[in-house]
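Me: I have a structure open and would like to learn how to read it. Could you walk me through the features one at a time?

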Amino acid sequence: MSETTPDPWLSALRQGDRRAFEQVYARERKALYGFLVRLCRDGNVASDLFQNTWLKLARGARELREDTDIRAWLFTVARNEYRSYCRAQALDLSRLLTLGLDTPDLAVSAPGANAGAAAIEAALGALGDTERELLLLVGVEGLELQEAAQVMGISYAALRQRLVRARKRLVELLDGRDPAAGATARKAVEP
Amino acid sequence: MNPLNEELSSLRDLPELEPPPELDRLVIERAVDVLADLERPDAVPARLPRVEVLAYTAGLAMYFAQALNVAARFLARVLSG
């Protein structure tokens with residue numbers, strides 16, 4: 001959302017208005033949920049982080065600035081929630097790897113998804129966190145580059161560079177040029 | 001405008017993921033509670049200044065003393081015939 005078009009619900013939301021919250025929720029719920037599910041690769045974790053993000057908005061409603069871009073704010077908080085979750089889980093994950101146990105299959109499956117979509121989902125899953133969140137923000141959720149840079153806390157130029165790399169990597173995965181990750185992607189589209 | 005939009009269009013075609021209805025309910029329910037809690041501090045009455053409380057108490061005591069004095073005089077007049 002650009003600075004010239006302020007969010008119509010921001011002012012009421014800053015007053016703690018319940019209806020404004022519900023309107024913002026109705027508008028952003030799918031995008032935020034999709035972003036978190038695809039980022040976490042786990043519906044349960046995504047649900048927890050989704051809930052935390054919205055509760056943070058409710059708690060911080062009065063502290064929002066007049067020029068706050070609510071969408072970017074939500075994605076920033078969601079991303080930070082995910083980062084905190086990863087830090088908390090790092091020890092557990094390292095334990096699993098030490099014990100040689102398989103991590104759970106966290107492929108995203110959307111109802112009505114076709115084979116092409118499934119391949120893209122699998123390729124996204126094979127990307128690193130930073131590449132995946134960047135492609136999710138810009139490619140899937142359609143944030144402007146400036147907005148995405150704000151969410152990720154990096155400069156516009158750095159974001160463009162990362163985006164080019166992430167896109168290249170995604171194409172490689174989809175073309176099967178990365179045997180390991182390509183196998184995961186192919187597995188996802190096999191009947 | 002994002003110059004890579006065209007090349008990223010396949011990502012845009014990914015289906016939207018719908019949050020489960022129970023998650024929607026839970027989020028709204030809890031958020032409404034939080035928003036209601038935010039309103040409560042305004043509803044708490046401000047603490048009365050100590051000087052004002054003392055002045056009010058003194059005035060009230062004087063009023064009761066005066067009323068008692070009037071009642072005692074009336075009683076004395078009645079009893080003395």
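Me: Which residues of the largest nonpolar core touch the most other members?

Reply: Keep in mind that this is a predicted model. The largest nonpolar core has 64 residues, and those touching the most other members are Leu13(A), Phe21(A), Phe50(A), Trp54(A), Leu124(A), Leu135(A) and Leu11(B). Helix H2 of chain A, residues 18–40, supplies the largest share of this core, with 12 residues.

Me: Let's follow Gly139(A). Does Gly139(A) count as buried or exposed?

Reply: Gly139(A) counts as buried because its relative accessibility is 0%. This glycine lies in helix H6 of chain A, residues 129–140. Apart from neighbours within four places in sequence, Gly139(A) is in contact with Leu134(A), Leu8(B), Leu11(B) and Arg12(B).

Me: How many residues of each chain take part in the contact between chain B and chain A?

Reply: For an interface, begin with the residue counts and then turn to the area. Here 29 residues of chain B are in contact with 40 residues of chain A. The two chains bury about 3,300 Å² between them, and 68% of that is on carbon and sulfur atoms. Leu11(B), Leu14(B) and Leu17(B) supply 21% of the area that chain B buries against chain A, more than any other three residues.

Me: And how many polar pairs and salt bridges are there between the two chains?

Reply: The general idea is that side chains of opposite charge can pair when their charged atoms come close. Between chain B and chain A there are 4 salt bridges. One of the pairs is Lys30(A) with Glu16(B), whose closest N and O atoms are 3.5 Å apart. On the side of chain B that touches chain A, the elements giving two or more residues are helix H1 (9–12) and helix H2 (21–43) of chain B. H2(B) gives the most, with 13 residues. By type, the residues on that side of chain B are 19 nonpolar, 2 polar and 8 charged.

Me: Where do the partners of the salt bridge between Lys56(A) and Glu81(A) lie?

Reply: For any salt bridge, look at the distance, then at where each partner sits. The side chains of Lys56(A) and Glu81(A) meet at 2.8 Å, N to O. Lys56(A) is in helix H3 (residues 43–59) and Glu81(A) in helix H4 (residues 70–99) of chain A, so the pair ties together parts that are 25 residues apart in sequence. Lys56(A) is partly exposed, with a relative accessible area of 39%, whereas Glu81(A) is buried at 11%.

Me: Which parts of the chain does the pair of Arg83(A) and Glu133(A) link?

Reply: Arg83(A) and Glu133(A) form a salt bridge of 2.8 Å, N to O. This pair links distant parts of the chain, with Arg83(A) in helix H4 and Glu133(A) in helix H6 of chain A, 50 residues apart. Arg83(A) is partly exposed at 26% relative accessible area, while Glu133(A) counts as buried at 0%.

Me: How many residues apart are Arg132(A) and Asp129(A)?

Reply: They are 3 residues apart in helix H6 of chain A, about one turn of the helix. Arg132(A) forms a salt bridge with Asp129(A), their closest N and O atoms being 2.8 Å apart. Arg132(A) counts as buried at 4% relative accessibility, and Asp129(A) as partly exposed at 28%. Elsewhere, salt bridges that share partners join Arg29(A), Lys30(A), Glu16(B), Glu18(B) and Asp24(B) into one network.

Me: Finally, how many helices and strands does each chain have?

Reply: Chain A has 9 helices and 0 strands, and chain B has 3 helices and 0 strands. Buried residues make up 45% of the 191 residues in chain A and 21% of the 81 residues in chain B.

Conventions:
Residues are numbered from 1 along each chain as its sequence is written. Chains are lettered from A and ligands numbered from 1 in the order in which they are written. This is a predicted model: local features need pLDDT of at least 70, side-chain atom pairs count only at pLDDT 80 or more; totals for chains, interfaces and linings use all residues. Side-chain values use heavy atoms; hydrogens and water are left out. Contact means heavy atoms within 4.5 Å. Buried area is the accessible area (1.4 Å probe) that two parts lose on being put together, summed over both. Helices (H or I, at least four residues) and strands (E, at least two) are DSSP runs, numbered from the N terminus. Ala, Val, Leu, Ile, Met, Phe, Trp, Tyr, Cys and Pro count as nonpolar, Asp, Glu, Lys and Arg as charged, and the others, Gly among them, as polar. A nonpolar core is a set of buried Ala, Val, Leu, Ile, Met, Phe, Trp, Tyr and Cys residues joined through side-chain atoms within 4.5 Å. Buried means under 20% relative accessible area, exposed over 50%, partly exposed in between (1.4 Å probe, protein chains only).
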